[in-house]
Amino acid sequence: MTDEALDAVERNMVKLRRGMSRQRLGRAAIRDHNLPVDVQVLHVVDVVDEGPDGPGQEMSVGLVATRLGVDASRGSRIVAEAVKSGYVRRVASQEDGRRIHLELTPAGRSVVEATRRTRQEHFAKAMGDWSGAERAEFARLLARFVDAYEG
């Protein structure tokens, strides 16, 4: 990658991060679907929907906290709020009855579907004048970038 291209990627990723950190899409989903929750609860629901990292792993409060980049106590509080809101439930582990894992409730699945629709509407608007081929190429390259960045 040329220095110019790398500079452009870095600057645009910073803009994207700033926009995401303002939680514009989460707030839009809350507003559009009249959801009586905090944006952090939506983040918990998204993370639980993502599922565990690998086979045999279960969704735990610790994994939610790690993915959200918060400490264990903050993770526990926002998971408790998601449970209280009725979007996530705590279930005894099939592997070890002493452990608890998290799963979405039907209401949580509805929230996931609603927030996905809102995000996709915003993304579709941003790519409104792109061709199908451009959208497909962007999706492919973005997935490749994310895989390499996280890997």
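Biologist: Hi! How much accessible surface does the protein chain have, and what share of it belongs to carbon and sulfur atoms?
Modeller: The accessible surface comes to about 10300 Å², and 52% of that belongs to carbon and sulfur atoms. Keep in mind that this is a predicted model.

Biologist: Good to know. What elements does the chain have?
Modeller: The protein chain has seven helices and two strands. Starting at the N terminus, they run α-α-α-α-α-β-β-α-α.

Biologist: And what does the C-alpha trace span?
Modeller: Along its principal axes, the C-alpha trace spans about 55 × 35 × 25 Å. Of the 151 residues in the chain, 28% are buried.

Biologist: Which element gives the largest share?
Modeller: That is α7, with five residues.

Biologist: I see rings in that list. How many aromatic pairs are there?
Modeller: The count comes to two aromatic pairs. In one of them, the ring centres of Trp 130 and Phe 138 are 5.3 Å apart and the planes stand at 90°, so this pair is edge-to-face.

Biologist: What about the other pair, Phe 145 and Tyr 149?
Modeller: Phe 145 and Tyr 149 are stacked, with 5.8 Å from centre to centre and 15° between the planes. They sit four residues apart in helix α7 (residues 132-150), which means about one helical turn separates them.

Biologist: Why does a spacing of four matter in a helix?
Modeller: An α-helix has 3.6 residues a turn, so residues three or four places apart point the same way.

Biologist: Is Tyr 149 buried or exposed?
Modeller: Tyr 149 is exposed, because its relative accessible area is 68% and anything over 50% counts as exposed.

Biologist: New topic: helix α6. Which of its residues are buried?
Modeller: Gly 108, Val 111, Val 112, Ala 114, Thr 115 and Thr 118 are buried in α6. The buried residues of this helix pack against α2 (24-32), α3 (39-50) and β2 (100-104).

Biologist: What should the 21 residues of α6 span?
Modeller: Helix α6 (residues 106-126) should span 30 Å at 1.5 Å a residue, and its end C-alpha atoms are 30 Å apart, which agrees.

Biologist: And which residues are buried in α4?
Modeller: In helix α4 (residues 61-68), the buried residues are Leu 63, Val 64 and Ala 65. Their cover includes α3, α5 (72-84) and β2. Just after α4 comes Gly 69, which takes a positive phi of about 70°.

Biologist: Now charges. How many salt bridges does the structure hold?
Modeller: It holds eight salt bridges. In one of them, Arg 116 pairs with Asp 49, and the closest N and O atoms are 2.5 Å apart. This pair links distant parts of the chain, since Arg 116 is in helix α6 and Asp 49 is in helix α3, 67 residues apart.

Biologist: Which salt bridge does Arg 67 form?
Modeller: Arg 67 forms one with Asp 53, where the closest N and O atoms are 2.5 Å apart. Arg 67 is in helix α4 and Asp 53 is in the loop between α3 and α4, 14 residues apart. Glu 50, Asp 53 and Arg 67 are linked in a network of salt bridges.

Biologist: What about the strands, where do Glu 103 and Arg 89 lie?
Modeller: The side chains of Glu 103 and Arg 89 meet in a salt bridge at 2.7 Å, N to O. Glu 103 lies in strand β2 and Arg 89 in strand β1 (residues 88-92), so the pair ties together parts that are 14 residues apart in sequence.

Biologist: Last one: what separates the C-alpha atoms of Lys 15 and Ala 92?
Modeller: They are separated by 41 Å, and the two residues are 77 residues apart along the chain. Lys 15 lies in helix α1 and counts as exposed at 53% relative accessibility.

Note on methods:
Residues numbered from 1 in each chain as written. Predicted model: local features only at pLDDT ≥ 70, side-chain atom pairs only at ≥ 80, totals over all residues. Heavy atoms only, no water. Phe/Tyr/Trp six-rings, centres within 6.5 Å; stacked < 30°, edge-to-face > 60°. Buried < 20%, exposed > 50% of the residue type's maximum accessible area, 1.4 Å probe, protein only. Expected span 1.5 Å × (residues − 1). Contact = heavy atoms within 4.5 Å. Areas by Shrake-Rupley, 256 points an atom, 1.4 Å probe, with all protein chains shown as cover. Salt bridge = Lys/Arg side-chain N within 4 Å of Asp/Glu carboxyl O.
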